[in-house]
Amino acid sequence: MNAPARLRLALASMAALFTLAAAPAHAGKTLDGIKQRGAVACGVHTGRAGFALADGSGNWSGLDVDLCRAVAAATLGDASKVKFIPTSGQTRITALQSGEIDLLARNTTWTFTRDNGLGLMWAGVNFHDGQGFMARKKPGLNSVKQLSGATICVISGSTTEKTLSEYFRAHKLNYKAVVFDNPEAALQAFSSGRCQAYTGDLGALAVLRGKELANPDDYVILPEVISKEPAGPAVRRGDDEWFAVVRWTLNAMIEAEELGITQANADELKTRSDSIQVKRFLGQSDDLGKQLGLDREWALRIVKAVGNYGESYERNLGAKSGLNVPRGKNALFTKGGLMMSPPMN
């Protein structure tokens with residue numbers, strides 16, 4: 001091939017690439033199905049305050065619930081168009097694999113095996129956690145390493161049981177695990193004295209201590225954190241477009257907090273902000289939605305429906321919830337935490 005021919009071929013290839021980049025993305029088969037049925041099927045916890053809990057009238061609330069509603073707002077234009085499907089530690093993965101749910105938003109840890117061996121993909125992290133221990137207060141108890149020989153309540157069907165075993169073996173400590181299928185039974189056993197300690201994610205332990213135990217001051221959460229537990233929404237492999245929608249819904253909630261966009265000011269900023277980043281986010285300049293198969297105001301609807309990530313956290317886990325779970329690692333990166341959205345441009 002001579003030089004002019006190679007040049008023509010290169011220019012044609014570049015033009016094709018630019019055409020593809022500029023073309024609107026197709027929403028994917030999962031979103032097509034969601035639009036046909038008119039609701040996002042979202043797998044959530046069977047009942048955990050702060051993350052996913054239904055009241056006596058069947059109204060759901062929680063950090064994970066907000067994420068489900070944010071996805072519905074972005075894709076269907078209505079945050080109420082969610083079918084919440086309670087899942088246990090044993091059923092959550094199969095519910096997603098089988099197609100019973102479109103999205104799993106159930107404080108499920110993102111691990112290598114789950115991400116590579118189960119046909120799933122994690123779209124991000126909406127709660128950075130770690131495994132810890134709660135015990136009844138007694139003089140001198142201030143470390144997990146003082147629990148050698150203890151009976152410990154643990155939930156089956158999670159990474160918690162394996163991490164417990166590995167930690168105690170590594171530190172040459174003995175223990176007896178009492179395994180339960182659901183947190184309610186485990187908590188009852190712990191509070192009745194059947195178990196000397198209860199192990200689980202620290203966020204869950206804080207909620208259980210603050211909301212479920214009759215005398216919270218009688219219990220202590222020990223200082224050791226024995227694992228990384230990055231939890232977030234998961235989807236099935238094979239639908240990259242749906243994966244992108246869920247990932248950027250979560251990122252949009254985080255980005256909104258970074259930009260100072262809230263439920264209260266989103267509409268005002270839409271018309272009055274001079275910030276390039278804010279105008280882009282709210283669909284007033286670049287049309288980011290086109291690349292997701294959505295309209296240009298998808299991110300604006302998310303914030304108006306559930307608020308930014310910080311608002312959701314405070315309402316469900318922070319001071320406004322009564323749980324007072326510190327932001328810690330879940331603070332924005334600008335405030336010493338790990339929450340950060342990739343640039344939305």
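**The nonpolar core and aromatic pairs of a predicted model**

Student: Which residues have the most contacts inside the largest nonpolar core?

Tutor: This is a predicted model, in which local features need pLDDT of at least 70, side-chain atom pairs count only at pLDDT 80 or more, and totals for chains, interfaces and linings use all residues. Residues are numbered from 1 along each chain as its sequence is written, and side-chain values use heavy atoms, with hydrogens and water left out. A nonpolar core is a set of buried Ala, Val, Leu, Ile, Met, Phe, Trp, Tyr and Cys residues joined through side-chain atoms within 4.5 Å, where buried means under 20% relative accessible area, exposed over 50% and partly exposed in between (1.4 Å probe, protein chains only). The largest such core has 60 residues, and those with the most contacts inside it are Trp 242, Ile 261, Phe 281, Trp 298, Ile 302, Tyr 309 and Leu 317.

Student: Which helix supplies the largest share of this core?

Tutor: Helices (H or I, at least four residues) and strands (E, at least two) are DSSP runs, numbered from the N terminus. Several elements each supply at least two residues of the core, including strand E1 (40–45), helix H9 (240–259) and helix H13 (309–316). The largest share, 11 residues, comes from H9.

Student: What geometry does the aromatic pair of Phe 51 and Phe 127 have?

Tutor: Rings of Phe, Tyr and Trp (its six-membered ring) pair if their centres lie within 6.5 Å; planes under 30 degrees apart count as stacked, over 60 as edge-to-face and the rest as tilted. Phe 51 lies in the loop between E1 and strand E2 (53–54), and Phe 127 lies in strand E7, 76 residues apart. With 5.1 Å centre to centre and 90° between the planes, the pair is edge-to-face.

Student: Is Phe 51 buried or exposed?

Tutor: The relative accessible area of Phe 51 is 2%. Because buried means under 20%, Phe 51 counts as buried.

Student: Which residues form one aromatic cluster with Phe 51 and Phe 127?

Tutor: Phe 127 is buried as well, with a relative accessible area of 5%. The aromatic cluster that holds Phe 51 and Phe 127 also holds Tyr 309 and Tyr 313.

Student: Why does Ser 98 count as exposed?

Tutor: Ser 98 lies in the loop between helix H4 (92–97) and strand E5 (103–104). A polar atom of the Ser 98 side chain lies 3.4 Å from the backbone nitrogen of Glu 100. Ser 98 counts as exposed because its relative accessibility is 56%.

Notes: A polar contact is a pair of N or O atoms within 3.5 Å; within protein, one must be able to donate a hydrogen and the other to accept it, and residues adjacent in sequence count only if both atoms are side-chain atoms.
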